[in-house]
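Here is a short report on one protein structure. It starts with a helix and its packing, then turns to cores and rings.

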Amino acid sequence: MNSVYFKYILLSFAFTIVTEITNRILDLQGLLRNSLSTFLTTNQLDKYFEFQNKWHWLSYFFIPIIILIKTSIISIVLYIGLFLNNKEVKYKHTWNIVLKAEFIFLLVPVFKTIWFLFFQTNYNLQDLQYFYPLSALNIIGYKDLETWFIYPFQVLNLFELSYVIYLGFQIGKLTHTNTDYGLKIVGLSYVPSLLLWVATVMFFTLNYS
């Protein structure tokens, strides 16, 4: 099997398993039930979770699709960045780099699980939703923050920084240059795209919150 497609399958499988384990360990369903109990009756809650459990298997298809869309878009952005800087590479090579970099984010749910298991053992659904390990949001806190500011402070994290540096390193190797050149490509392509995405999320959050 082609190594690029193998990485994609492995990444999808790993994220699906880690997400499932994290949700079970942190009792996401129990937290959701407690949160919804304010708005729904017991009978309505039972029907909701019965429906959710019945179709839960569909969620296993969402993660691979999301990963495919995300990595494909980032790969295209990097490919265009390289092309505009007179570096001709195959799209498959940029996708391969992005797939390898995505494994960094597997540490996020692991850190999250450790935090709530051993450090913040008393938590609710909002705490779980807004917590992002090693991010600026953890320093500032979400409770006194406007809702539309939460996502950008989540994105400011050490995992994202490591992701950018790793992409730069790999692009340097791919183009037979160096990490500085790779970071230049990432800084001119991926970073502006990320900022645009963050601004878009902020806009919709502001208008629909």
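## Helix α5 and its neighbours

The buried residues of α5 pack against α1, α4 and α10. Helices here are DSSP runs of H or I with at least four residues, numbered from the N terminus. Buried means under 20% relative accessible area, exposed over 50%, and partly exposed in between, with a 1.4 Å probe and protein chains only. In α5, the buried residues are T94, W95, N96, I97, V98, L99, A101 and E102.

α5 has 12 residues and spans 17 Å from first C-alpha to last, close to the expected 16 Å. That expected span is 1.5 Å times one less than the number of residues.

## About the model

This is a predicted model, where local features need pLDDT of at least 70 and side-chain atom pairs count only at pLDDT 80 or more, while totals for chains, interfaces and linings use all residues. Residues are numbered from 1 along each chain as its sequence is written, and side-chain values use heavy atoms, leaving out hydrogens and water.

## Two nonpolar cores

A nonpolar core is a set of buried Ala, Val, Leu, Ile, Met, Phe, Trp, Tyr and Cys residues joined through side-chain atoms within 4.5 Å. The largest one has 34 residues; L78, Y163, L167 and Y190 have the most contacts inside it. The elements giving two or more residues to this core are α1, α4, α5, α10, α11 and α12.

Contact means heavy atoms within 4.5 Å. Leaving aside residues up to four places away in sequence, Y190 touches I74, V77, L78, E160, Y163, V164, L167 and I185. A second, separate core of 10 residues includes F49, F116, Y123 and L128.

## Aromatic rings

Rings of Phe, Tyr and Trp (its six-membered ring) pair if their centres lie within 6.5 Å; planes under 30 degrees apart count as stacked, over 60 as edge-to-face and the rest as tilted. The count comes to 15 aromatic pairs. One of them joins F111 and F159 edge-to-face, at 5.5 Å centre to centre and 85° between the planes. F111 lies in α6 and F159 in α10, so the pair ties together parts 48 residues apart in sequence. F111 is partly exposed at 37% relative accessibility, whereas F159 is buried at 5%.

F116 and F131 also pair edge-to-face, at 5.1 Å and 70°. F116 is buried at 2% relative accessibility, and F131 is buried at 10%. W115, F116, F119, Y123 and F131 form one aromatic cluster.
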